[in-house]
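Reader: I am new to this structure and would like a short tour. Could we begin with the salt bridges?

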Amino acid sequence: MPEQQNAEINPGSIIPYEARAVDITSADQTNEGYRGGHFIVDVSSRASSTQFVKVTIQGAVPASTRYYTVLASTLLSTGRTVLKVYPGLPGTANAIANDVLPHTWRVNSTLASTGSIKYGVSAHLIV
């Protein structure tokens with residue numbers, strides 16, 4: 001079991017909660033021995049009813065600058081959505097990945113239209 005210290009246990013805020021009108025990609029995160037996690041997306045306000053955000057958990061391709069999709073959400077409006085990645089879970093499209101969390105991973109968020117949307121992504125990693 002990983003030693004309990006600092007943000008490596010639960011990195012907390014991956015994409016800070018704030019209003020934004022552009023796509024955001026988090027910094028690379030290093031998985032120090034966790035098998036998966038819960039990724040919490042909180043969306044509180046949108047500029048219009050056509051404004052959505054899509055959140056994708058990506059793994060880094062070793063020895064490259066490329067990434068692959070571990071799990072991608074549907075288009076999210078307001079509310080809280082928990083995306084789950086963990087081996088042995090029943091896979092559910094756009095919500096749960098029966099997979100391990102890669103050693104190097106990140107979160108990408110893409111806006112579906114122009115305008116501001118207030119949201120953030122945080123994480124709890126699970127052994």
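Author: The side chains of Arg-80 and Asp-42 meet in a salt bridge, at 2.6 Å from N to O. A salt bridge here is a side-chain nitrogen of Lys or Arg within 4 Å of a carboxyl oxygen of Asp or Glu. Arg-80 lies in strand β7 (residues 79-85) and Asp-42 in strand β4 (residues 36-46), so the pair ties together parts that are 38 residues apart in sequence. Strands are DSSP runs (E, at least two residues), numbered from the N terminus.

Reader: Before we go on, what kind of model is this?

Author: It is a predicted model, in which local features need pLDDT of at least 70 and side-chain atom pairs count only at pLDDT 80 or more, while totals for chains, interfaces and linings use all residues. Residues are numbered from 1 along each chain as its sequence is written, and side-chain values use heavy atoms, with hydrogens and water left out.

Reader: Is Arg-80 buried or exposed?

Author: Arg-80 is exposed, with a relative accessible area of 63%, and Asp-42 is partly exposed at 22%. Buried means under 20% relative accessible area, exposed over 50%, and partly exposed in between (1.4 Å probe, protein chains only).

Reader: How many salt bridges are there by this rule?

Author: The count comes to two. Arg-20 and Glu-18 also form one through their side chains, at 3.7 Å from N to O. Arg-20 is buried, at 7% relative accessibility, whereas Glu-18 is partly exposed at 40%.

Reader: Changing topic, which strands does β5 pair with?

Author: Strand β5 (residues 53-60) runs antiparallel to strand β9 (residues 104-111), with seven bridges joining them. It also pairs with strand β6 (residues 67-72) in the antiparallel sense, over five bridges. Two strands pair if DSSP finds at least two bridges between them.

Reader: Which residues stand opposite each other there?

Author: Val-53 stands opposite Leu-111 in β9, and Ala-60 has Tyr-67 in β6 as its bridge partner.

Reader: What lies between β5 and β6?

Author: The two strands form a hairpin with six residues between them, and Ala-63 in the turn has a positive phi of about 55 degrees.

Reader: And how many residues of β5 are buried?

Author: Seven of its eight residues are buried, so the strand is mostly covered by that definition.

Reader: One last topic: where does Ser-26 lie?

Author: Ser-26 lies in the loop between β2 (24-25) and β3 (29-30). Ser-26 is buried, with a relative accessible area of 9%. Leaving aside neighbours within four places in sequence, Ser-26 is in contact (heavy atoms within 4.5 Å) with Ile-14, Ile-15, Arg-106 and Val-107.

Terms used
Helix = DSSP H or I, 4+ residues; strand = E, 2+ residues; numbered from the N terminus.
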